[in-house]
Amino acid sequence: MSLLDGKVVVISGGAGLLGRRFSLAVAQAGGLAVVADRDLDAARAVVGTIQADGGQAEAAPSDITDGDALDGLIADLHERHGRIDAVVNSAYPRNANYGRKLEEVTYADFCANTGLHLGGYFLVAQRFALYFRDQGGGAIVNLASIYGTLAPRFDIYAGTSMTMPVEYAAIKSAVIQLTRYFAQYFKADGVRVNALSPGGILDCQPQAFLDRYDAHCGGKGMLEAEDVAGALLFLLSDDARYVTGQNLIVDDGFSL
Ligand SMILES: NC(=O)c1ccc[n+]([C@@H]2O[C@H](COP(=O)([O-])OP(=O)(O)OC[C@H]3O[C@@H](n4cnc5c(N)ncnc54)[C@H](O)[C@@H]3O)[C@@H](O)[C@H]2O)c1
């Protein structure tokens, strides 16, 4: 018996760097991966890869900032599958100005980016938690980050065009506390809510940055998406049936 046999798991942002690896991992663990993403073509491509690997998956259009669309997705899945077991909040919405240095971030951009990301994660968690309460249980995993708890290490970005956006610190720390709020609110209803905080994920970053980043780590340095998938499967599985309100950090020791 596999870890997620027969479970219906929605991966929001399922076509992204982490989301597509999470979707594959869910299917390889015996679950049905619902690859929900604003980019439907990319979601369909992920589904094709999973099906070629022998797994079960389906694509769904999704916008985490649209409550009616989320309700429609939940209703459609319930009608076709009779239940939904879990949702993973792994979308990464941002506006065109996201990623600027602190001096250049306007009030409008700060509000827009926190609204899209934190607001969207709230909406997904709210809509699914209410469904899970009616169903008698379910699991929510919110993607946070090491930068939700750790002060930024600005020195590792020196000489690159990259930074650790100020909105990101606000969003990810709030996602961790939102996780605790939801876990406490729904703990009598069988709804488990946890955060998963990966370190940085390899994605063609400059070598000088990687060298400085890796110096803070243990055996591997910056991780690949697949290095985080096992922790997600655990949080989604019945092995974690008594784990709720926690923030699981997977970063090869970077934040120590
Ligand atoms: N990549 C990293 O290094 C890293 C590290 C730690 C935490 N995280 C977190 O993991 C999560 C996923 O990150 P990623 O690197 O896979 O991001 P990504 O940009 O690669 O993918 C995000 C996905 O979200 C989708 N999306 C964007 N806006 C959406 C919306 N409004 N509704 C639905 N889908 C939408 C995009 O189409 C994309 O497929 C984020 O919460 C991110 O903060 C990432």
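The model is predicted, so local features need pLDDT of at least 70, side-chain atom pairs count only at pLDDT 80 or more, and totals for chains, interfaces and linings use all residues. Residues are numbered from 1 along each chain as its sequence is written, and side-chain values use heavy atoms, with hydrogens and water left out.

**Stop 1**

Select Leu17, Tyr92, Arg94, Tyr98 and Tyr168. Of the 47 residues lining the largest pocket, these are the closest to its centre. A pocket here is an open set of points on a 1 Å grid over the protein atoms alone, where a 1.4 Å probe fits, with protein on both sides within 12 Å along at least five of seven lines; lining residues have an atom within 4 Å of a point. The volume is about 1,300 Å³, counted as the space filled by probe spheres set on the points, which are joined across faces, edges and corners.

Next, colour α1 (17–28), β2 (32–37), α4 (107–135), α5 (166–185) and α6 (207–214). Each supplies at least two lining residues. Helices (H or I, at least four residues) and strands (E, at least two) are DSSP runs, numbered from the N terminus.

**Stop 2: the ligand**

Now show the ligand. It sits in the largest pocket: more than half of its atoms lie within 2 Å of the grid points. Around the ligand are 26 residues, each with a heavy atom within 4 Å. Leu18, Asp37, Tyr121, Tyr168 and Lys172 are the closest.

**Stop 3**

Which side chain has an N or O atom 2.7 Å from a ligand oxygen? Select Tyr168. Then go to Ile64, where a backbone N or O atom lies 3.0 Å from a ligand nitrogen. At Gly16, a polar backbone atom is 3.3 Å from a ligand oxygen.

How values were computed: Polar contact = N/O pair within 3.5 Å; in protein donor to acceptor, adjacent residues only side chain to side chain.
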